Amino acid sequence: MKFNKTGVFLITCTLLAQAACVGSKFGSQKKESVNLLPKGTGAVQDAIAGARVQSYPPTLDARVRRGRSFAGATTLISLGVNAVDTLISKSKKKYTANWTCARNDGYFYDQASLDGPFDPVGMQFSGFEVNRCIKIDKHDVTAVHAEFEVKTDDSSAAQIINDGVFKLKVKDIRVRYAKAKVPLEKQQLNLDFEITFTTSYLTKEGQFYTDVTLGKFLFSLRHAPLDSAADTAGYNSYYRKLKDSVLTGKCVIVPRSYGYHRVIVDSAKHTAKMAAFWNRGTYSIDVKVTESSKDDFTGVLLTSAGIIVDNGSKMYSGSGSSSKSSGSAGKKKD
């Protein structure tokens, strides 16, 4: 009898331990594919064309205004945000996960320029989308879909021309499945997007810069619902409210590399000469996503101009005030 009681006790403990390890069907998806797709439309070009240019002294030559030096751009970069990974206890690591995606050597402009490395004319980059797909019953299912686009309201378009920087906002975002483990009793997820733009380019003076960080953006989701079937209205409402949310951070427009191109002198005689120009500007986007299904998770510490976003649900300013954030780290409208 004593042996039987002991056996029953051990079996019960084993079953309880196994039950504790069972997660939600919305988490711990292993087979995945992630892709990043840049977008190029005429929306940004139209916004730039219609934006009012800031007034300058009439003695300042227009070509000098448009051909900004990169020394000024490095100052703008310092106005961006920093992301610092914080420590996660071992007991919570199974409820967190990271995944990344990148796109390299895209063209920022649709045409070369004769006016300088920061000439915004022909800016074709309008945003990008990120998709994380998984296999469920041999079918491809989109687990995370996020679209971000360049802000093109009047003030943002003027900022692209006058300051040489752009900002991003949310166009659409949906989360259905997590890579991190999700407890059975919880069908929500926290996500941190960290987006970095880099470039390599050659200056007119012959200096070559490699993998220069142009800017960084951060965007956070807190208590994002995963089960659309359980509460369709609440699920749709949550993600609909995130539309047009402005990401934390800013980015310098991509500097064009200095080079040469052939100019036809006499088409009849098939003669040409080499002339200097600035190319279409190549860039790369790197996206890192940190997931957590635990409320007390602190995955990324976001700092920008005295603002600290920590622990997902609170935003602390330099004055010590705090406010709740149901969705992004900071939500603004155009």
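This is a predicted model: local features need pLDDT of at least 70, side-chain atom pairs count only at pLDDT 80 or more; totals for chains, interfaces and linings use all residues.
How many of the nine residues of helix 5 are buried? Seven, so helix 5, residues 154–162, counts as buried when relative accessible area is under 20% for a residue. Let me put that plainly: helix 5 is mostly covered. The buried residues are S156, A157, A158, Q159, I160, I161 and N162. After helix 5 comes G164, with a positive phi near 70°.

Next, helix 6, residues 232–240. Which of its residues are buried? Y235, Y238 and Y239. They span an arc of only 90° around the axis, so they share one side of helix 6. The general rule fits here. An α-helix has 3.6 residues a turn, so residues three or four places apart point the same way. Turn to the other side of helix 6, and you find A233 and R240 exposed. What covers the buried side? Among the covering elements are strand 7, residues 168–175, and strand 9, residues 208–225.

Now the aromatics. How many aromatic pairs does the structure hold? It holds 20. Take F108 and Y283. Their ring centres are 5.7 Å apart and their planes meet at 85°, so this pair is edge-to-face.

A second pair is F125 with F197. Here the centres are 5.7 Å apart and the planes are at 80°, so this one is edge-to-face too. F125 is in strand 4 and F197 in strand 8, residues 188–202, so the pair ties together parts 72 residues apart in sequence. F125 is buried, at 1% relative accessibility. F197 is buried, also at 1%.

Zoom out from the pairs. F108, F125, F197 and Y283 belong to one aromatic cluster, which also includes Y109, F128, F148, F166, F193, F217 and F219.

Charges meet rings as well. The charged end of R256 sits over the ring of Y109, 3.7 Å from its centre. Y109 is a member of the aromatic cluster. Then there is R280, whose charged end lies over the ring of Y107, 4.1 Å from the centre.

Back to strand 13, residues 282–292. T290 is found there. T290 is buried, at 7% relative accessibility. Its side chain makes a polar contact with the side chain of N98, at 2.8 Å.

Last topic: backbone angles. Which residues other than glycine have a positive phi? One is K138, with phi near 70°. K138 lies in the loop between strand 4 and strand 5, residues 139–150. Is K138 buried or exposed? Exposed, at 77% relative accessibility. Another is D211, with phi near 50°. D211 lies within strand 9, and at 57% relative accessibility D211 is exposed.

How values were computed:
Residues are numbered from 1 along each chain as its sequence is written. Side-chain values use heavy atoms; hydrogens and water are left out. Helices (H or I, at least four residues) and strands (E, at least two) are DSSP runs, numbered from the N terminus. Buried means under 20% relative accessible area, exposed over 50%, partly exposed in between (1.4 Å probe, protein chains only). A polar contact is a pair of N or O atoms within 3.5 Å; within protein, one must be able to donate a hydrogen and the other to accept it, and residues adjacent in sequence count only if both atoms are side-chain atoms. The arc is that of the directions from the helix axis to the C-beta atoms. Contact means heavy atoms within 4.5 Å. Rings of Phe, Tyr and Trp (its six-membered ring) pair if their centres lie within 6.5 Å; planes under 30 degrees apart count as stacked, over 60 as edge-to-face and the rest as tilted. A charge sits over a ring if NZ of Lys or CZ of Arg is within 6 Å of the ring centre and within 35 degrees of the ring normal.
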